[in-house]
Amino acid sequence: MRGLFRYEQKDTFVHNLDPRVKLLYLIGISILTIVFGVPWLLILLFFSTLPFWYFLRPSKSKLKSMFWLFAILSLSFIISQSLFYYWADDPLFCIIPHEFPIIGPLTNGVYVYIDGAIYGLIQSFRFMTTISAAMIFVSTTHPSQLITALGQFFNIKIKNKQYVIGLPYEIAFMVSSAVSFAPVMIEECYGIINAMRARGLDLKGGIRTKLRAIKHLFLPLIVNILRSGRQIAIAADARGFRATKNRSYVKELKLNNNDYVFLTIVIIFTGFGIYLSLVGYGSTPPI
């Protein structure tokens, strides 16, 4: 899980794309996961993100982490929906009957519905597609590129004057820091767990042992995150962050031919998906 949300420096087609184009691709995929309501469209949308991973050539450990992440996510949706799916009439079997003291009357009985399990699997593809597209964006976009893309999202030249339209660089810096904090938190967790093991903590026990480890993990993790945030703030102030209202950029973003081709594909793909939703393939109905 360490390198799951970390930028990987490589020379691939996806890495060389403009970060603004990749950000629009992520936004388009997120929109389609919301508007699509037919299972086969959601499944096709998820598989449409997989060819990008072929270009990225991720390590086996990263593929293994992705597999377990998607498996846990799907299993969570399937279990939750199979237990709390109220549109089905005939349950597969009963876990807690209605006559069971206290819990039975409160929950009206707990049943397992096969329709709910299928519905949960369909809904899991929404989240898996968004996560897959987000990991493609994070793995191929350096944090400095993300700040530049958010700060100068549009560069418009009118009558020899350059107009830059984008988010305030404070917000761009905040978003980039939040994205880069995910791998930092994972590294901190591994470091704290190794320190606890060195002090004699045994994690081979049951669920009680693991819950106790989480209790000991929480406080030092929060302290280390706050300490890292303070160090980032001190480093930003030392380099004159927000010293001037208008700031310049070392690298000016310009779209090349590959960017225009990919952007055209993204616009057509997203527009066609929205059209399919408008003609009757949206809003997933209960099964």
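Modeller: The chain exposes about 18400 Å², and carbon and sulfur atoms supply 67% of it. Accessible areas come from the Shrake-Rupley method with a 1.4 Å probe; for residues, only the protein chains shown count as cover. The model is predicted: local features need pLDDT of at least 70, side-chain atom pairs count only at pLDDT 80 or more, and totals for chains, interfaces and linings use all residues. Numbering starts from 1 along each chain as its sequence is written, and side-chain values use heavy atoms, with hydrogens and water left out.

Colleague: What is Thr140 in contact with, leaving aside neighbours within four places in sequence?

Modeller: Tyr7, Val14, His15, Lys22, Leu56 and Gln145 are in contact with Thr140. Contact means heavy atoms within 4.5 Å.

Colleague: And why does Tyr281 count as it does?

Modeller: Tyr281 is at 33% relative accessibility, so Tyr281 is partly exposed. Tyr281 lies in helix H10.

Colleague: What makes the nonpolar surface patch?

Modeller: Patches take residues with over 30% relative accessible area and no salt bridge; like charges are joined within 9 Å, nonpolar side chains (Val, Leu, Ile, Met, Phe, Trp, Tyr) within 5 Å. A salt bridge is a side-chain nitrogen of Lys or Arg within 4 Å of a carboxyl oxygen of Asp or Glu. The patch of about 1100 Å² includes Leu24, Trp40, Phe272 and Tyr281. H10 gives the largest share, 6 residues.

Colleague: How many cavities of 30 Å³ or more are there, and what is the rule?

Modeller: On a 1 Å grid over the protein atoms alone, a cavity is a set of points where a 1.4 Å probe fits but cannot get out; lining residues have an atom within 4 Å of a point. Grid points are joined across faces, edges and corners, and a volume is the space filled by probe spheres set on the points. The count is 1 cavity of 30 Å³ or more. The largest cavity has a volume of about 40 Å³. Its lining includes Val14, Lys22, Phe137 and Phe262. H6 supplies the largest share of that lining, 3 residues.

Note on methods: Helix = DSSP H or I, 4+ residues; strand = E, 2+ residues; numbered from the N terminus. Buried < 20%, exposed > 50% of the residue type's maximum accessible area, 1.4 Å probe, protein only. 1 Å grid on protein atoms, 1.4 Å probe; cavity = no way out; pocket = protein on both sides within 12 Å on 5 of 7 lines; lining within 4 Å.
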